[in-house]
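This briefing goes through a protein model by topic. The sequence and the structure come first, and the notes follow.

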Amino acid sequence: MTGRVVPEDVRTVACVGAGVIGGGWVAFFLARGLAVRAFDPAPDAGRRLRETVDAAWPVLTELGLAPGASLDHLVVTADLADAVAGADLVQESAPERLDLKRALLAEIDAAAPEHVVVASSTSGFGMTEMAVAARHPERLVVAHPFNPPYLIPLVEVVGGEKTTTDVVSWTAAFFRHVGKSVITPAREVPGFVGNRLQEALWREALHMVANGEATVEEIDASITEGPGLRWAFHGPMLTFHLAGGPGGMAHMLDHFGPALLAPWTRLAAPELTAELRDAVVDGCVQEAGERTVADLVRERDRRLVDLLRVLGKVPT
């Protein structure tokens, strides 16, 4: 749309909502050398926001600030229209209530220049259901971060039914430009990708505590001392790809696929159809690229040693 700057030329971001997530976004954008105009209706929002940014600034400085990054580039305003005026992007981070999101996004849409992308930090709602009151739903998109946004790289960028593809592409390009790792799922699912996976693990953990099968401490240790270490760099799919040995994921699914029907968890497993098998196998092959299973094993072991040393679990 005419008037929209290219992602690399974004200079000012309006952050609407200055709680834990909104404040984290403010700190991140400031560290990337951007100017931030923040709005939050809470009476003490400005004080709390500056405390959040001040607390995050030392680690952001340690990671390396962008040229020109400064805390002086933060302006806190009590007027929403003033906050979004002149912004190249609006990042909404209000509390996770659908009625509030709908009303606020409509208000932002009415106040912000028509060419400006409006992104939401929602952790569960799809943009289709949030944009119902907006006049320009085509420029509204989800940019879902993980806490704390100033440290965790992942951002899930997902459009609603009326979001245009160029808005999704622009938003993804912007976040990649400022150093984020971006995924763009093909469709809306409640909770998005990362939270769906977290939720499955969380529900199973609650079942185990409820049934006296494991303590809270044992559940946490089972991840931090076990698969969580591998997930830091290979994720669940490539981890099982390696579990299949030289045959990779194909061998894993062909030989262990029947175990999906075993009642290990309270989650119902999908039917392991030929189409699902091939999609998973092909996805692992694509992700692995030129790396063989042996290459990935060496990569895993090297990174595990580095990680264990950082965590103080092996001699340095």
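**Sheet, strands and helices**

Cys15 stands opposite Gln91 in E4, one of the pairings that DSSP assigns (two strands pair if it finds at least two bridges between them). Four bridges join strand E1 (residues 12-16) to strand E4 (residues 89-92), and the two run parallel. Helix H2 (residues 45-63) packs on the sheet, where it touches strand E2 (35-39) and E3. The direction of H2 makes about 155 degrees with that of E3; axes are lines fitted to C-alpha atoms, for helices over the stretch in contact, and angles run from 0 to 180 degrees between N-to-C directions.

The model is predicted: local features need pLDDT of at least 70 and side-chain atom pairs count only at pLDDT 80 or more, while totals for chains, interfaces and linings use all residues. Residues are numbered from 1 along each chain as its sequence is written, and side-chain values use heavy atoms, with hydrogens and water left out. Helices (H or I, at least four residues) and strands (E, at least two) are DSSP runs, numbered from the N terminus.

**Sheet layout**

- The open sheet has eight strands in the order E3-E2-E1-E4-E5-E6-E7-E8, with mixed pairing.
- Strand E3 (74-77) and strand E8 (181-183) each have a single partner strand and stand at the edges, so one side of each lacks a neighbour in the sheet.
- From one strand to the next, the twist averages 25 degrees.

**Strand E1**

- Five of the five residues of E1 are buried, where buried means under 20% relative accessible area, exposed over 50%, and partly exposed in between (1.4 Å probe, protein chains only).
- Thr12, Ala14 and Val16 point one way from E1, Val13 and Cys15 point the other way, and all are buried.
- E1 pairs with E2 in the parallel sense over five bridges, and Thr12 stands opposite Ala35 in E2.

- Six of the six residues of strand E6 (residues 140-145) are buried, so the strand is largely enclosed by the rest of the structure.
- Leu140, Val142 and His144 cover one side of E6 and Val141, Ala143 and Pro145 the other, all of them buried.
- Strand E5 (residues 117-120) pairs with E6 in the parallel sense over three bridges, and the bridge partner of Ser120 in E6 is Val142.
- With strand E7 (residues 154-159), E6 pairs in the antiparallel sense over five bridges; Pro145 stands opposite Val155 in E7.
- The loop between E6 and E7 holds Pro148, and the peptide bond from Asn147 to Pro148 is cis, with omega near -5 degrees.

**Helix H7**

- Phe192 is found in helix H7 (residues 192-210), and its phi is near 65 degrees, a positive value in a residue other than glycine.
- Phe192 counts as buried, at 3% relative accessibility.
- Glu204 is also found in helix H7 and counts as buried, at 9% relative accessibility.
- Leaving aside neighbours within four places in sequence, Glu204 is in contact with Trp264, Thr265 and Arg266; contact means heavy atoms within 4.5 Å.

**Helices H10 and H11**

- The axes of H10 and H11 come within 6 Å and cross at roughly 80 degrees.
- H10 and H11 are therefore roughly perpendicular to each other; angles under 35 degrees count as roughly parallel, over 145 as roughly antiparallel, 65 to 115 as roughly perpendicular and the rest as oblique.
- Met237, Phe240, His241 and Ala243 in H10 meet Gly248, Met249 and Met252 in H11.
- Gly248, Met249, Ala250, Met252 and Leu253 are the buried residues of H11, and they pack against H10, H12 and H13.

**Helix H13**

- The 18 residues of helix H13 (residues 293-310) should span 26 Å at 1.5 Å a residue, and the end C-alpha atoms are 25 Å apart, which agrees; the expected span is 1.5 Å times one less than the number of residues.
- Val293, Leu296, Glu299 and Leu304 are buried in H13.
- Seen down the axis of H13, the buried residues fall within an arc of 130 degrees, so they line one face of the helix; the arc is that of the directions from the helix axis to the C-beta atoms.
- The buried residues of H13 pack against helix H9 (227-231), helix H10 (235-243), helix H11 (248-256) and helix H12 (274-288).
- Gly312 follows H13, with a positive phi near 75 degrees.
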